[in-house]
Amino acid sequence: MMKRERQKKQTRILLQQTALQLFQKQGYEQTTVLQITNEAGVAKGTFFNYFRTKEEVLQSVFSTHVERICKRVQESEERMWHKQIEQLFYELTTMHEKLGKEVTKSMVHIYTGKQQETLPFTPFIHMLTNIFEEGKRCGDIRTKRSSETLSLIALQLYFGALKLWMFSHLSEPLSTFTIDTITMFIDYMKKEGD
């Protein structure tokens, strides 16, 4: 039973990795489920045991990356709240740089086209909210805005930077621009009095 579960997990990862490589090489729109299964060396029907559509496989790749990033930040030795935020955004933007602009555009397009679904950022927002709470507890964050509102503002800054990058309006790396933006936001929160 354990061996079977391990094989299922390995097949799912293989399909995700193969799909991602094809998306990066030839574009999301140009990639078919048949190409993914041929490249992975599995039957076409096997794909549908794990994913309903190629859209779902891209969503799962992104969700997996976001979960890993949140876990790394949680397990990090860094305890200073503002350094944790910088690490979180650095890791996210580095992920996008590795995935590439076209894969990121496809992912954002998929999520923004679905009114009932949201980007898989609930754990990310929860983590940010907790980090901002710590900033308030230690007296660094002086704004009256709630930690959840601060999380949403930080997320908005991130998406703004992401859009500028996706459409080639940035002359510097996405990670550099985003960290500079988040640092300005952190400075603002520290200075804004009651």
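The structure is a predicted model, in which local features need pLDDT of at least 70 and side-chain atom pairs count only at pLDDT 80 or more, while totals for chains, interfaces and linings use all residues. Residues are numbered from 1 along each chain as its sequence is written, and side-chain values use heavy atoms, with hydrogens and water left out. The secondary structure of the chain comprises 9 helices and 0 strands, where helices (H or I, at least four residues) and strands (E, at least two) are DSSP runs numbered from the N terminus. Buried residues account for 45% of the 194 residues in the chain; buried denotes under 20% relative accessible area, exposed over 50%, and partly exposed the range in between (1.4 Å probe, protein chains only).

**Overall fold**

- Along the sequence, the elements follow the pattern α-α-α-α-α-α-α-α-α.
- The C-alpha trace of the chain spans about 60 × 45 × 30 Å along its principal axes.

**Largest pocket**

- The largest pocket holds about 300 Å³ of space. A pocket is found on a 1 Å grid over the protein atoms alone, as an open set of points where a 1.4 Å probe fits, with protein on both sides within 12 Å along at least five of seven lines. Grid points are joined across faces, edges and corners, and the volume is the space filled by probe spheres set on the points.
- The lining consists of 13 residues, and Ile13, Gln16, Ser60, Thr64 and Arg68 lie nearest the pocket centre; a lining residue has an atom within 4 Å of a point.
- Helix H1 (2–26) and helix H4 (54–75) are the elements that give two or more residues to this lining. H4 gives the most, with 7 residues.
- By class, the lining of the largest pocket divides into 3 nonpolar, 6 polar and 4 charged residues. Ala, Val, Leu, Ile, Met, Phe, Trp, Tyr, Cys and Pro count as nonpolar, Asp, Glu, Lys and Arg as charged, and the others, Gly among them, as polar.

**Aromatic contacts**

- The structure holds 9 aromatic pairs. Rings of Phe, Tyr and Trp (its six-membered ring) pair if their centres lie within 6.5 Å, and planes under 30 degrees apart count as stacked, over 60 as edge-to-face and the rest as tilted.
- Phe47 and Phe51 form a tilted pair, at 5.7 Å centre to centre and 45° between the planes. Phe47 is buried at a relative accessible area of 0%, and Phe51 is buried at 1%.
- The pair of Phe89 and Tyr158 is tilted, because the ring centres are 5.9 Å apart and the planes stand at 55°. Phe89 lies in helix H5 (residues 81–99) and Tyr158 in helix H8 (residues 147–166), so this pair ties together parts that are 69 residues apart in sequence.
- Both Phe89 and Tyr158 are buried. Ring pairs link Phe89, Phe124, Tyr158 and Phe159 into a cluster.
- The charged end of Lys54 sits over the ring of Tyr28, 4.5 Å from the ring centre; the criterion is NZ of Lys or CZ of Arg within 6 Å of the ring centre and within 35 degrees of the ring normal.

**Cysteines**

- The structure holds 0 disulfides, a disulfide being a pair of cysteine sulfur atoms within 2.5 Å.
- Cys70 is buried, with a relative accessible area of 6%, whereas Cys138 is partly exposed, at 41%.

**Loop residues**

- Ser168 is placed in the loop between H8 and helix H9 (174–191). Although Ser168 is not a glycine, its phi is positive, at about 60°.
- Lys144 belongs to the loop between helix H7 (122–137) and H8, and counts as exposed at 67% relative accessibility. Lys144 and Met189 are 45 residues apart in sequence and 9.4 Å apart in space, C-alpha to C-alpha.

**Residues of helix H6**

- Ser106 is found in helix H6 (residues 101–112) and counts as buried at 14% relative accessibility. A separation of 8.7 Å lies between the C-alpha atoms of Ser106 and Gly27, which are 79 residues apart along the chain.
- Val103 is also found in helix H6 and counts as buried at 3% relative accessibility.
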